[in-house]
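Colleague: Good morning. Could we go through this structure together, one topic at a time?

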Amino acid sequence: FGKTFLAMAYANLEQSSTSIKSSTLLGEVKNKVTYLNPTTAYVKEDEGYGWMMSTDIRSTSLYLQALLRLDPKHADIEKLVRYIVEHRKDGYWETTQNTAMALLGLVNYVRANPVDEQAAAVGVFLDNKLSETLQFPKGDISGQSSKTFQLSDLIKKGLLHQVGLEKDSDKRWFYDVTLKTYKDTSDIQPFDNGFTIISEVFALDDKKNARPLSEATVGDNVRVRLKLLVPKKHTYVALEHHLPAGLEAVDFTLNTSPQQLAGQTQQCAPTYWGGQRCLADWEYGWWWENVWKHIEQRDDRVFLFSENLEPGVYEYEFMATAITPGNFHVPPARVYEFYNPLANAHNEGKMFKVLAR
């Protein structure tokens, strides 16, 4: 934060030319930038400066202000804005110092990018041919517009295509180009983009998790284990484990559930000191609730939600019962940031067999 303040001061003193001192200082600050995903970044403040009211939010906002003044076309600007906006809680940013700095950064961004209500248009090109012109009659306040190309139509014309966008102004636009496909479950391979997730099923007596199961018999209770690797800090994270149709999650809050099985699963999360702590499910009430704020056991999946995941390894286990015989597809377990789905991961698709007694 001190280098950022000093960089802006040097720029004010040396306005006639590019300030070498200012550029050098900003370069040193950039080395502290952590990229959570392609659209979000923040400045990681050095440890030990908390007593000076310095935090990641405060330093990120200061760096944003410096870039807006000294390098207004820098590619990190929108990434820093996204991080600041995502970390607002109940209308503010934890402390008055954080809130003041965050608002200053956002105000400077808005001033540099004022709302434009002039009509605009964006041409959508496919293979260098205009396919459609998207109209925005009220400019920035028009809302989003989109064009969809059916994959079945594209395949008829070849396997390689080029999509292009052409706008009729030099102001900033925000766009997403996405590809949505549907595959057979068994053809889906693991995918990591900000997380890594592993999902396996074990027998209750397999305490060392040595023999993953691919089948069970009707009436069997099994233990489903999720392992989540988080290399960088993420916020508002959803984790979903999709169940094969032959299994049903056991909800121990119901009196009709086999209560004698309660306490045979454990949950693990990183500690403040960088290690990992694991507790049985009956022990973790006061501790684990700080990780997964919301847990749902639905008919087809178990859903977890966390407001904040620090770097480390997380493990979550739940019990399931085999109820219906047959061969079943197991959709991949997946994890994603709720408000930034680009940060996501899933494991491979599987098959699970339930045998009749």
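Predicted model: local features only at pLDDT ≥ 70, side-chain atom pairs only at ≥ 80, totals over all residues.

Colleague: At what angle do the axes of helix α2 and helix α3 cross?

Modeller: They cross at roughly 140°. Helix α2 covers residues 20–30 and helix α3 covers residues 56–70, and their axes come within 12 Å.

Colleague: Why is α2 called oblique to α3?

Modeller: Angles over 145 degrees count as roughly antiparallel and those from 65 to 115 as roughly perpendicular, while the rest, apart from angles under 35, count as oblique. The crossing angle of roughly 140° therefore makes α2 oblique to α3.

Colleague: Is that crossing left-handed or right-handed?

Modeller: The crossing of α2 and α3 is left-handed. On the α2 side, the contact is made by S22, L26, V29 and K30, and on the α3 side by Y63, A66 and L70.

Colleague: How do the residues of that contact divide?

Modeller: Five of the residues in the contact of α2 with α3 are nonpolar, one is polar and one is charged.

Colleague: Now for the strands. How many residues of β16 are buried?

Modeller: Nine of the 11 residues in strand β16, which spans 312–322, are buried, so the strand is mostly covered.

Colleague: Which strands pair with β16?

Modeller: One of them is β9, residues 221–230, which pairs with β16 in the antiparallel sense over 10 bridges. Within that pairing, R225 has E317 of β16 as its bridge partner. Strand β11, residues 247–249, also pairs with β16 in the antiparallel sense, over three bridges. There, A249 stands opposite A320 of β16.

Colleague: Where is K233?

Modeller: K233 lies in the loop between β9 and β10, the latter being residues 234–242.

Colleague: Is K233 buried or exposed?

Modeller: K233 counts as buried because its relative accessibility is 19%, and buried means under 20%. Leaving aside residues up to four places away in sequence, K233 touches L36, Y83, H87, N308, L309, E310 and P311.

Colleague: One last residue. In which helix is V107 found?

Modeller: V107 is in helix α5, residues 96–112. Its relative accessibility is 37%, so V107 counts as partly exposed. The C-alpha atoms of V107 and Q65 are separated by 9.3 Å, although these residues are 42 residues apart along the chain.

Definitions and conventions:
Residues numbered from 1 in each chain as written. Heavy atoms only, no water. Buried < 20%, exposed > 50% of the residue type's maximum accessible area, 1.4 Å probe, protein only. Helix = DSSP H or I, 4+ residues; strand = E, 2+ residues; numbered from the N terminus. Pairing = 2+ DSSP bridges. Axes fitted to C-alpha atoms, helices over the stretch in contact; angles between N-to-C directions. Left-handed = near helix turned anticlockwise from the far one by under 90°. Contact = heavy atoms within 4.5 Å. Nonpolar A, V, L, I, M, F, W, Y, C, P; charged D, E, K, R; others polar.
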